[in-house]
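Biologist: I am new to this one. Please put it up, and let us go through it by question and answer.

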Amino acid sequence: MTPKPSIHQKKVLLCVWWTTAGIVHYELLPSGQNITAEIYSAQLDRVSVALHQKQAALANRKGVVFYQDYARSHTAKITRETLARLQLEILPHPPYSPELVPSDYNLFLALDNLIRNRQFRNREGLENKSI
């Protein structure tokens with residue numbers, strides 16, 4: 001049995017990078033697209049540029065401490081090479097941790113407040129909303 005395509009809403013993957021000062025960069029992936037190591041590495045390049053533009057004092061420190069989980073796209077060779085090239089230090093994350101990081105909680109709460117009770121009829125409507 002397969003679900004009827006018309007009864008399920010289309011989902012879009014939102015990728016967000018933030019610091020304690022706020023959101024640095026976000027991207028909406030095309031509908032149905034998953035994160036691969038190549039996509040993630042390209043995103044890291046764009047995040048680095050955005051970080052230098054928006055929070056230069058942080059980016060110009062000795063090094064940025066980057067927090068991510070152990071998803072396959074985050075641990076692939078191409079990603080490790082990109083992180084090394086960008087000089088991003090990785091803060092270890094406990095594997096299989098059921099806990100949300102406090103910064104995740106704050107981001108998700110703010111995002112929930114921003115989009116609560118809103119419906120986006122199409123991708124363009126979602127992209128035109130400011131996060």
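Biologist: How far apart are the closest N and O atoms in the salt bridge of Glu81 with Lys77?

Modeller: This is a predicted model, where local features need pLDDT of at least 70, side-chain atom pairs count only at pLDDT 80 or more, and totals for chains, interfaces and linings use all residues. Residues are numbered from 1 along each chain as its sequence is written, and side-chain values use heavy atoms, with hydrogens and water left out. A salt bridge is a side-chain nitrogen of Lys or Arg within 4 Å of a carboxyl oxygen of Asp or Glu. For Glu81 and Lys77 the closest N and O atoms are apart by 4.0 Å.

Biologist: Which helix holds both Glu81 and Lys77?

Modeller: Helices are DSSP runs of H or I with at least four residues, strands are runs of E with at least two, and both are numbered from the N terminus. Glu81 and Lys77 sit 4 residues apart, about one turn of the helix. Both lie in helix α4.

Biologist: Is Lys77 buried or exposed?

Modeller: Buried means under 20% relative accessible area, exposed over 50%, and partly exposed in between (1.4 Å probe, protein chains only). Glu81, at 45%, is partly exposed. Lys77 has a relative accessible area of 56%, so Lys77 is exposed.

Biologist: How many residues apart in sequence are the parts that Arg85 and Asp45 tie together?

Modeller: Arg85 forms a salt bridge with Asp45, with 2.9 Å between the closest N and O atoms. Arg85 lies in helix α4 (residues 77–85) and Asp45 in helix α1, so the parts they tie together are apart in sequence by 40 residues.

Biologist: Which side chain meets Arg46 in a salt bridge?

Modeller: Side chains of opposite charge can pair when their charged atoms come close. Here the N to O distance is 2.6 Å, and the partner of Arg46 is Glu27.

Biologist: Where does Glu27 lie?

Modeller: Arg46 is in helix α1 (residues 37–54), and Glu27 is in another element, so the pair ties together parts 19 residues apart in sequence. At 13% relative accessibility, Glu27 counts as buried. Its place is strand β2 (residues 22–28).

Biologist: Is His74 buried or exposed?

Modeller: His74 lies in helix α3 (residues 72–75). Contact means heavy atoms within 4.5 Å. Leaving aside neighbours within four places in sequence, His74 is in contact with Tyr40, Gln68, Asp69 and Thr79. Its relative accessibility is 14%, so His74 counts as buried.
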